[in-house]
Amino acid sequence: PPSCPPCAAMRVPVGPLSLLLALSLLSPWGSAGGSCPPRCVCASNLLSCSQANLSTVPAPLPRFTAVLDLSHNNVTRLRADWAPARLPHLHALLLSHNGLAFVSTEAFTHVPRLRHLDLSSNRLRTLDENLFSDLGELEVLLLYNNEITTVDRTAFENLGRLRKLYLGQNRIARFPLELLREGTRLPQLALLDLSANRLRAVPAGELQALPAWLRDRLYLHNNPLACDCLLFQLLDRGRRRHLSAVEDFQDELRCFLPGASALTKILDLAGKQPLNCSKAREAVLEAHLGDTVTLGCDSRWQGVRSRHWVTPGGERVLGDGGNGSVVLLANGSLQLRALRPEDGGTYSCWVAGPLLNETLYVELLVHNFTLHGPHDTLNTAYTTLVGCILSVVLVLIYLYLTPCRCCCCRGAEKPPAPRDDSINSSVLSATPNHAGGTREPCGSHVASSAGTGQNGRFKGGGSPPLPARQGPKAQRKVSDPDSVSSVFSDTPIVV
């Protein structure tokens, strides 16, 4: 009772002792699961060994450790046995400011649930093959302020949940940006910091094809990039879209002009010699009559709650419209089928983001001819030219290579030539002989039973008889009016 002083004096120490006993039973560090390592501070499932002048990871580590802070120590090598037992609850590992120069490819085998890994401000030089492939649940990876020069494209394999990757302030001359293409390797990556490295060129065309929510967090400032109009147009679009990676670092986005020693602001290249870059129009799409096009709603927000399109005529598109000619796709894009001239104009995409709303504009230019029109014209001209050439060839063949099918249609003065000379006469002779200036029909020659050739010789079979001669000229061949010597002459030559 309150009137009993001895009882009150005895109750004073009982409360604190009971409280300490209860905390020791509830705390994991006081149970059989493990004890707090020396020179570390433990609070619930948090283990902080920062600035403890450690050269190795303290052992043993309790299995229920969720956050392990080893920053600002002297742990220069992270071997595969730094965690000999599996740590299924560890989701954050902090190893910054350790002078860390080596990380084993098997260093993360026993920490598969890791979501946050800080390796910044160390002396790492390479990211080897499959270095982080065991961290399938990793979301944030900090590697800035190291000495990294080489990045293997497989170093980030199996990181399907990685959202933020910090690689700034290193010595990277080439980063495999193909990892971002189509989102197959790093599908959920929303931030990539490559600032303050040694990049000299980036694929501007491929970067422009990335979604805007990724370009909004793609940091390329403080790199010795080569000035290029495609790079300027990429960043100029980002400035007009108010992308933070461009808008917040306009002065640090610089490049080298050909032959210049000083850096130039990339966003100042518009109309500046020697490149004389022109500003690119934002979201302009060209198409032809009858085509099918898809207008993308390139919003910089992830987790969009809702979106809708407004046509140039002011009509709101929520689903199928126009007999299926206008279709709202599942990813928010607008598909137009069988384009007509009246489909051209400026389309608006209204996006309700998680923080703010955004309106995007896409200008569609519909050319008033089909895409195959010029090709058809070319094919017609080509066909006409080939037809003319073939006609000329056929005429030449008819004039010079067609043999005379009517051997009797000749003049009376020029009987057919000997067969051994018929080739020369049929090829080279183009002017027929005439009798009395008029051509007689073939029937008049066929009806005559006998004809008299030159010098009164009879030609029954088309070749004259060979007279008997004496002397050295006995073997001399008899000349014929249709021989080569008389091809172009109508005057008979007598031998």
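Mentor: We start with pLDDT, which is the predictor's confidence in each residue, from 0 to 100. The mean pLDDT of this chain is 76, and 69% of its residues reach 70 or more. This is a predicted model, so local features need pLDDT of at least 70 and side-chain atom pairs count only at pLDDT 80 or more, while totals for chains, interfaces and linings use all residues. Residues are numbered from 1 along each chain as its sequence is written, and side-chain values use heavy atoms, with hydrogens and water left out.

Trainee: Where does pLDDT stay under 50?
Mentor: Over residues 1-32, for which the model has 16 contacts beyond four places in sequence, and over residues 420-467, with 54 such contacts. Contact here means heavy atoms within 4.5 Å.

Trainee: Which elements have the lowest and the highest mean pLDDT?
Mentor: Helix α2 (residues 14-26) has the lowest, 38, and strand β7 (residues 116-118) the highest, 98. Helices (H or I, at least four residues) and strands (E, at least two) are DSSP runs, numbered from the N terminus. By that count the chain has nine helices and 24 strands.

Trainee: Why is H221 called buried?
Mentor: Buried means under 20% relative accessible area, exposed over 50%, and partly exposed in between (1.4 Å probe, protein chains only). H221 has 7% relative accessibility, so the residue counts as buried. H221 sits in the loop between β13 (218-219) and β14. Leaving aside residues up to four places away in sequence, H221 touches S195, A196, F249, E252 and L253. Across the chain, buried residues make up 35% of the 495 residues.

Trainee: What makes C36 partly exposed?
Mentor: Its relative accessibility is 30%, so C36 falls in the partly exposed class. C388, at 47%, is partly exposed too.

Trainee: How do you know that C36 and C42 form a disulfide?
Mentor: A disulfide is a pair of cysteine sulfur atoms within 2.5 Å. The sulfur atoms of C36 and C42 are 1.8 Å apart, and a disulfide joins the two. The structure holds five disulfides.

Trainee: Why is the disulfide of C36 and C42 called right-handed?
Mentor: The torsion about its S-S bond is about 90°, so the disulfide is right-handed. C40 and C49 are joined as well, with S to S 2.0 Å. Their torsion is about 105°, so that disulfide is right-handed. Both C40 and C49 are buried.

Trainee: What does the disulfide of C227 and C255 tie together?
Mentor: The sulfur atoms of C227 and C255 are 2.0 Å apart and form a disulfide. C227 lies in the loop between β14 (225-226) and α5 (229-240) and C255 in strand β15 (residues 254-256), so the pair ties together parts that are 28 residues apart in sequence. C227 and C255 are both buried.

Trainee: Why is Y400 called exposed?
Mentor: Y400 has a relative accessible area of 54%, so the residue is exposed. Y400 is found in helix α7 (residues 373-400).
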